[in-house]
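Subject: Structure for you to look at

Hello,

Here is the structure I promised to pass on. Please open it beside this email and follow along.

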Amino acid sequence: MTQLNLFANDQAANGQAANSQTGAAEQGTIIEETEGLFNLPAYKIRESKRAKHVSIKISVEGEVEVVVPTRFERSRLPDILEKRQEWIEKTRAKLLRDRANTPEDWQVEQPDMVVFRWRSRDMDDASMQGQATASKAKAQKTANAKGKSKGFGKASAQQKVGELETWSINYDAKPGNITRCIPDRPYQITVSGNTDHLPACQEVLRKWLAYRAKKDLGPWLRQISFDIDLPFRKLSVRGQKTCWASCSTRKDISLNFKLLFLPRPLVYYVLVHELCHTIHMNHSQDFWALVGQKQPDYEWRKKAIKDAWRYVPRWVEAK
Ligand SMILES: [Zn+2]
């Protein structure tokens, strides 16, 4: 499994930096919202049955949440937080800085454009903002030129590796409650139906993402599997909240459609990582040795994937 870190996570009580419970933030209920202590920002306290220790989570928005086990004595918190103050400030500042570097379209709720980076070898974040607009015009030109070709899958297969893949999204309001996503031309889709209903639009777009991921990432996974001689059984595509991909004991691989938004070197890392899980179902030394054998320069990618959430536009996660 390749973890998708949407939170910075700190095991405050025992001082270990750990993030094995990325999903835990969704468990339990918020029982208290607090004004900031010392120089700390305001934070929320969440009680969790699953939590064994106090842990501090900082969301990509810079919100601080303290997860405590049930019946944890609240009066102990100020001390714990004071000790972790430096970590909280540093981490929060980094997350907010990262966010400032995310593409402009990250906050968009109803996108009129989708940029996939999975074909792009460019890892440079600073260039992403300009590219999105520049490549929109380019994509449209390409789309017009290829306007006669039937089916939108075919056209994308003609795009060269190393490019951003830009799709424009049209909204076509129609009576009734059914919202559909219709591919009409290469690099262009239409969301049709109740287009005022944001969650419905986002939901059909997610379905479309899953379709694209299976169509585009599937063949690539099979090719890599063949190249590095690590066969798998079945591929499924989902929109996991906490991981980029996973591999079962039956060698079934499940990919997150959000991978479409990541630059190619990171997607490649995730695919090799999961294929290596067909041999080792853990993150043991043997596992990493195999990853290193199949992909000698994996270390920088492994590091870079930790911040890769910011490539995924906000609306993809919206509920
Ligand atoms: Zn793994």
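Which residue in E6 does serine 48 stand opposite? Serine 48 stands opposite proline 69. Keep in mind throughout that this is a predicted model.

**Overview**

The protein has 319 residues, and 30% of them are buried. Its secondary structure comes to nine helices and 13 strands. Residues 24 or more positions apart account for 59% of them.

**Strands E4, E5 and E6**

Start with strand E4, residues 43-48. Six bridges join E4 to E6, and the two strands run parallel. E6 covers residues 64-69 and is also joined to E5 by four bridges. This time the strands run antiparallel.

E5 and E6 form a hairpin with four residues between the strands. Look there for glycine 62, which takes a positive phi near 90°. Strand E5 itself spans residues 55-59. Four of its five residues are buried, so E5 is largely enclosed by the rest of the structure.

**The sheet E7-E8-E10-E9**

Next comes an open sheet of four strands, in the order E7-E8-E10-E9. Its pairing is mixed. E7 and strand E9 (180-185) stand at the edges. Each has a single partner strand, so one side of each is left without a neighbour in the sheet. Neighbouring strands here are turned by 25° against each other on average, direction ignored.

Strand E8 covers residues 165-173. E7 and E8 pair in the antiparallel sense over four bridges. Methionine 113 has serine 168 in E8 as its bridge partner.

**The sheet E1-E12-E13-E11**

A further open sheet has four strands in the order E1-E12-E13-E11, again with mixed pairing. The edge strands are E1 (2-3) and E11 (235-238), and each pairs on one side only. E12 (residues 243-247) and E13 (residues 253-256) run antiparallel and are joined by three bridges. Cysteine 247 has isoleucine 253 in E13 as its bridge partner.

Helix H6, residues 264-276, lies across E1, E12 and E13. H6 runs at about 25° to E12.

**Helix H5**

Now find H5, which has 30 residues (198-227). How far apart are its end C-alpha atoms? They are 42 Å apart. At 1.5 Å a residue the helix should span 44 Å, so the two values agree.

H5 does have a kink, though. The kink is about 35° and lies at leucine 217, shortly before proline 219. Just after H5, aspartate 229 takes a positive phi of about 60°.

The buried residues of H5 include Leu205, Trp208, Leu209, Arg212, Ala213 and Asp216. In an α-helix there are 3.6 residues a turn, so residues three or four places apart point the same way.

**The cores**

In soluble globular proteins, nonpolar side chains tend to be buried together. The largest nonpolar core here has 44 residues. Those with the most contacts inside it are Ala213, Leu259, Leu260, Leu262 and Val270. Several elements supply at least two residues each to this core, including strand E10 (188-193), H5, H6 and helix H7 (285-294). Alanine 213 touches Val237, Leu255, Phe257, Leu259 and Leu260, not counting residues up to four places away in sequence. Apart from this core lies another, of twelve residues, among them Tyr43, Ala51, Val64 and Ile88.

**Glutamate 317**

Last, go to glutamate 317 in helix H9, residues 314-317. Is glutamate 317 buried or partly exposed? Glutamate 317 is partly exposed, because 15 other C-beta atoms lie within 10 Å, and a buried residue needs 20 or more. Glutamate 317 and lysine 241 are 76 residues apart along the chain. Their C-alpha atoms are separated by 8.0 Å.

Best wishes

Key:
Residues are numbered from 1 along each chain as its sequence is written. This is a predicted model: local features need pLDDT of at least 70, side-chain atom pairs count only at pLDDT 80 or more; totals for chains, interfaces and linings use all residues. The expected span of a helix is 1.5 Å times one less than its number of residues. The bend at a residue is the angle between axes fitted to the seven residues ending there and the seven starting there. Two strands pair if DSSP finds at least two bridges between them. Two residues are in contact if their C-beta atoms, placed from the backbone, lie within 7 Å. Axes are lines fitted to C-alpha atoms, for helices over the stretch in contact, and angles run from 0 to 180 degrees between N-to-C directions. A nonpolar core is a set of buried Ala, Val, Leu, Ile, Met, Phe, Trp, Tyr and Cys residues joined through C-beta atoms within 7 Å.
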